[in-house]
Amino acid sequence: MPLIEFDSVSHAYAVSGGERTVLSDVSVSLTEHRIGVIGANGSGKSTFARMVNALVVPRAGKVRVDGLDTGREARAIRRRVGFCFTDPDAQIVMPTVAEDVAFGLRRHRLTKQEVAARVDAALEAYGLQEHRDHPAHLLSGGQKQLLALASVLVTDPDVVVMDEPTTLLDLVNARRVRDVVASLRQQVILVTHHLDLLDDFDRVLVFHDARLRFDGSPHEAVAAYQRLVL
Ligand SMILES: Nc1ncnc2c1ncn2[C@@H]1O[C@H](COP(=O)(O)OP(=O)(O)OP(=O)(O)O)[C@@H](O)[C@H]1O
């Protein structure tokens with residue numbers, strides 16, 4: 001698995017009248033296959049996740065993916081690290097479902113037939129085949145979330161970062177996402193409030209008040225999270 005390193009990372013956002021620290025001195029090295037990230041609202045999880053594919057570059061410290069510095073090599077990193085947003089509307093860029101999935105492949109030097117085959121396989125895997133020619137923005141919230149996942153995975157990245165990918169999903173589709181995650185060969189970093197999604201994960205990080213407060217097995221991490229907030 002790729003090596004993801006956070007080296008003394010701190011970050012703050014400007015807010016009216018000052019700054020808000022959202023990550024404070026986070027150092028961690030990740031090589032496991034499936035890594036969960038949990039913690040209270042506003043604890044810094046999304047910011048941490050966004051740093052892995054250079055959507056946010058830390059103010060202090062370094063983030064590296066297999067030695068590539070996110071501050072210097074964002075383009076190379078984004079080719080390797082796919083990102084699924086919480087709000088799937090943020091990710092829809094093309095009119096129809098099939099076109100949207102194909103969009104991610106535009107720079108992949110594939111023939112039309114190869115693109116079509118990969119798009120078909122992705123639509124099939126996420127139950128979107130019957131919607132392939134529908135306007136993407138008219139899908140239900142849950143279908144949009146599945147579309148966002150399909151559009152990222154069709155590009156076959158080495159790492160997939162998912163920021164709350166099951167928030168809008170019903171029971172059947174949440175299970176579909178869980179099964180997809182379990183079957184991925186890629187390294188996965190999954191931010192979620194659905195703690196049961198992480199049952200068989202290799203490692204779970206717990207954030208609290210901008211700090212990495214616990215790092216261990218899913219079971220221990222959930223207990224640590226409960227101790228911090230309840
Ligand atoms: N672009 C931004 N500008 C200013 N403040 C921001 C920005 N992005 C996030 N924040 C603030 O930073 C803090 C941490 O946000 P972050 O999204 O990382 O938390 P989170 O743990 O993912 O929360 P949640 O569980 O609610 O999604 C929050 O207080 C948030 O309001």
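Predicted model: local features only at pLDDT ≥ 70, side-chain atom pairs only at ≥ 80, totals over all residues.
Visitor: What makes Tyr13 and Lys45 part of the shell around the ligand?
Guide: A residue belongs if its C-beta atom, placed from the backbone, lies within 6 Å of the molecule. The ligand is surrounded by twelve residues of this kind, among them Tyr13, Val15, Arg20, Gly44, Lys45, Ser46 and Thr47.

Visitor: Which element gives the largest share of this shell?
Guide: Helix 1 does, with three residues. Strand 1 (4–15) and strand 2 (18–30) also give two or more residues each.

Visitor: How is the shell divided into nonpolar, polar and charged residues?
Guide: Three are nonpolar, seven polar and two charged. Gly counts as polar in this division.

Visitor: Why is helix 1 called largely enclosed by the rest of the structure?
Guide: A residue is buried if 20 or more other C-beta atoms lie within 10 Å of its own. Seven of the eight residues of helix 1 are buried, so the helix is described as largely enclosed. The buried residues are Lys45, Thr47, Phe48, Ala49, Arg50, Met51 and Val52.

Visitor: What makes strand 6 (81–84) and strand 10 (211–216) edge strands?
Guide: The open sheet has six strands in the order 6-7-8-3-9-10, with mixed pairing. Strand 6 and strand 10 each pair on one side only.

Terms used: Residues numbered from 1 in each chain as written. Helix = DSSP H or I, 4+ residues; strand = E, 2+ residues; numbered from the N terminus. Buried ≥ 20, exposed ≤ 12 C-beta atoms within 10 Å, placed from the backbone. Pairing = 2+ DSSP bridges.
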